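Please load the model in your viewer and keep the selection panel handy. We will take a short walk through it, one selection at a time.

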Amino acid sequence: MNIAILSRSGSLYSTSSLVRAAMKRQHHVRIIDHTYCDLYITKNTYEVYYFDKKILNINAVIPRIGASVTHYGAAIIRQFELQKVYSVLSSNALMMSRDKLVTLQILAANGIDVPRTLLASHVQSLEFLYDRLGTTKAVIKLLVGTQGMGVLLAEDKTNLFSISEALIRVGKSFIVQEFIKESKGRDIRAFVVGDKVVASMERMAVEGEFRSNIHLGATSRPVKLTEEERRIALKCTQILGLKVAGVDILRSNRGPLVLEVNASPGLEGIETTTGIDVAGEIIAFIERDIKSLR
Ligand SMILES: Nc1ncnc2c1ncn2[C@@H]1O[C@H](COP(=O)(O)OP(=O)(O)OP(=O)(O)O)[C@@H](O)[C@H]1O
Ligand SMILES: [Mg+2]
């Protein structure tokens, strides 16, 4: 097959891992930086150009779209979809899963347990909604944040109000969540490929930190999922229309709670932690999926 990986750079761990896995299986791979792709659209015509050359003869696209270029990346993927080129990530699923709030709404509506979450228009609204959280401490999440940078902990109601006031004043959108204390700075990443969880790990925050993002120094180790966690991870990807995804779960006193679902999950953490060839699983899945669609 001719596989195109939409990625900013071949030197990124995930990209090079996918290139290696595809070559190992005798595929021809091209890395295309989607931020340098141009589109031509007219009646029944949807072309993609890369440095003034039309991209032709691609059998499968593997999008690795960063959060800062979601919209542009989705436009490129959609153009391939219109050409009937297989993409392991659809433009719609990408757009939907990039928005934390949309993801929570859709998951909750489909019977998935998520942390109790508030979206408040005014600080005054927090006054009557705060008690619905059920915890004194509250987690504030900027809706544009990534890698833990837009996530903070308010110690109590007063603290939550003053932070919220400042954020509303500067026009930043955010959500407020109950603080799941019992997860103790840990979360679970279930890596889903097709209808299987191919690898899973637990991430542990550094001392004194509640966010378990690797970028914030968290460590990780392989973890065995419970049957329930496995079922939930698969259900989330199904609901969101994702074929490859990282589902993040908090272990709470009332069972597993889904935090977020990542449509372009990094491979470095999961492969180095578990020793599993996740990139190989992705390529093998694409081969099977394309065959089943024929
Ligand atoms: N409600 C919560 N209760 C306890 N801990 C939480 C809660 N929400 C998030 N955390 C911790 O903070 C970390 C970061 O939160 P989250 O994953 O929502 O944002 P993010 O990592 O910045 O987003 P992204 O993964 O999209 O970059 C989580 O991995 C988890 O360890
Ligand atoms: Mg996260």
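In which hand does H1 pass H9? The crossing is right-handed. Bear in mind on this tour that the model is predicted.

**Stop one: the helix pair.** Select residues 13-24 for helix H1 and residues 278-293 for helix H9. Turn the view until you can see both axes: they lie 8 Å apart, and the helices pack at an angle of about 55°.

Next, show side chains at the contact. From H1, pick Ser-17, Leu-18, Arg-20, Ala-21 and Ala-22; from H9, pick Ala-279, Gly-280, Ile-282 and Ile-283. Colour them by class and you will find 6 nonpolar, 2 polar and 1 charged residues.

**Stop two: the domains.** Zoom out and colour the protein chain by domain: domain 1 covers 2-93, domain 2 covers 117-179 and domain 3 covers 184-291. Now hide domain 2 for a clear view of the other pair. The C-alpha centres of domain 1 and domain 3 are 24 Å apart.

**Stop three: where domain 1 touches domain 3.** Here 18 residues of domain 1 are in contact with 18 residues of domain 3. On the domain 1 side, select H1, strand E6 (60-63) and helix H3 (91-98), the elements that each give two or more residues. Which of them gives the largest share? That is H1, with 7 residues. By class, this side of domain 1 has 11 nonpolar, 4 polar and 3 charged residues.

Methods:
Residues are numbered from 1 along each chain as its sequence is written. Chains are lettered from A and ligands numbered from 1 in the order in which they are written. This is a predicted model: local features need pLDDT of at least 70, side-chain atom pairs count only at pLDDT 80 or more; totals for chains, interfaces and linings use all residues. Axes are lines fitted to C-alpha atoms, for helices over the stretch in contact, and angles run from 0 to 180 degrees between N-to-C directions. Helices (H or I, at least four residues) and strands (E, at least two) are DSSP runs, numbered from the N terminus. A crossing is left-handed if the near helix is turned anticlockwise from the far one by less than a right angle, and right-handed if clockwise. Two residues are in contact if their C-beta atoms, placed from the backbone, lie within 7 Å. Ala, Val, Leu, Ile, Met, Phe, Trp, Tyr, Cys and Pro count as nonpolar, Asp, Glu, Lys and Arg as charged, and the others, Gly among them, as polar. Domain bounds come from an automatic or database domain assignment.
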